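Try each task before reading its solution.

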Amino acid sequence: MATTVSFPVSTASGERTVRMVYERRGSGEPLVLLHGVGHHWQAWEPVLDILATTHEVIAADLPGFGASAALPDGVAYDLPGVVPVLGGFFRALGLDRPRIAGNSLGGLLSLALGRAGLVRTVTALAPAGFWTEAERRYAFGVLAGLRAGALLLPQPTVRVLARSAVGRGALTGAIYARPGRRSPEAVAAETGALRGATGFAATLAAGRHTRFTEDLPDVPVTIGWGTRDRVLLRRQGVRAKQAIPGARLIRLPGCGHVPMNDDPALVARVILDGSSR
């Protein structure tokens, strides 16, 4: 069952409280999982139990997404704002430089946490921040379209659509290469999470000026990219490898932007291998 933790963060106007929700499973060395824009921790459900056979897995709802509260006033949704918040989250859970894996926004945050020395290893699945301006505009257009659809469709209509493979494709085909594999309940829930994502607009606004160009020479990095990613095109993986020469770049055949659902066994193996470096 998901758990809530509250912890303090410092702002220019004083101390504020952040409230985050997370799922914790398994035992062993801690492994934190971070989802992408508009998603929630349940995006990791297809691989959670596999990872939990060897790790204590903590799948978090990022602030302003899922069941986590929005960031308090004075804390921005950019990297300088969110990275210290996640450091506070680690401290609140008693995690000392955990291993981390993230997807999309979560991948970018994982790399930034690695750059800050807050994690031991990084596995980034289609991380944001390696785009050209045209690619960023395209990706944000796709995400904004998904958000608009989630806001427009009543939840009863979403549940009806999610009952069929065709409907699940219409709702989530932009992020999954194999949307029919996602359960109706999961599709309805993640559409609801996208609708209720209080941090969505602020995160995209912050992302307009975000590029990741720094190397992480002291942190083992694994980058995975789906060959059927329709949001962040796979050529961005080459740029990620150029920016981080020591990283391993792994193609994920047949996988879309959120690959955990498309090939759970492959993605779990990539994360476990990356976390053992």
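**Exercise 1. Surface**

Task: State how much accessible surface the protein chain has, and what share belongs to carbon and sulfur atoms.

Solution: This is a predicted model. The accessible surface of the protein chain is about 10,900 Å². Carbon and sulfur atoms hold 55% of that surface.

**Exercise 2. Overall form**

Task: Decide whether the radius of gyration of the protein chain agrees or disagrees with that of a compact globule.

Solution: Start with the length, 277 residues. A compact globule of that length would have a radius of gyration near 19 Å. The protein chain has 17 Å, so the value agrees. Next, take the box along the principal axes: the C-alpha atoms fill roughly 45 × 40 × 40 Å. Then count elements: the chain has 11 helices and eight strands.

**Exercise 3. Packing and charge**

Task: Find what percentage of the residues count as buried.

Solution: Buried residues make up 56% of the 277. Now turn to contacts with a separation of 6 or more: 70% of them join residues 24 or more positions apart. Finally, the charges: there are 31 positive and 21 negative. Their mean positions lie 6 Å apart.

**Exercise 4. One residue**

Task: Is Thr123 buried or exposed?

Solution: First locate Thr123, in strand 6, which spans residues 122–125. Its relative accessibility is 0%. The cut-off for buried is under 20%. Therefore Thr123 counts as buried. Last, list its contacts, leaving aside neighbours within four places in sequence. Thr123 touches Ile100, Ala101 and Gly102, along with Thr222, Val270, Ile271, Gly274 and Ser275.

Notes
Residues are numbered from 1 along each chain as its sequence is written. This is a predicted model: local features need pLDDT of at least 70, side-chain atom pairs count only at pLDDT 80 or more; totals for chains, interfaces and linings use all residues. Side-chain values use heavy atoms; hydrogens and water are left out. Helices (H or I, at least four residues) and strands (E, at least two) are DSSP runs, numbered from the N terminus. The radius of gyration is taken over C-alpha atoms; the globule rule is 2.2 Å times the number of residues to the power 0.38. Buried means under 20% relative accessible area, exposed over 50%, partly exposed in between (1.4 Å probe, protein chains only). Contact means heavy atoms within 4.5 Å. Accessible areas come from the Shrake-Rupley method with a 1.4 Å probe; for residues, only the protein chains shown count as cover. Lys and Arg count as positive and Asp and Glu as negative; His and the chain ends are not counted. The place of a charge is taken as NZ of Lys, CZ of Arg, CG of Asp or CD of Glu.
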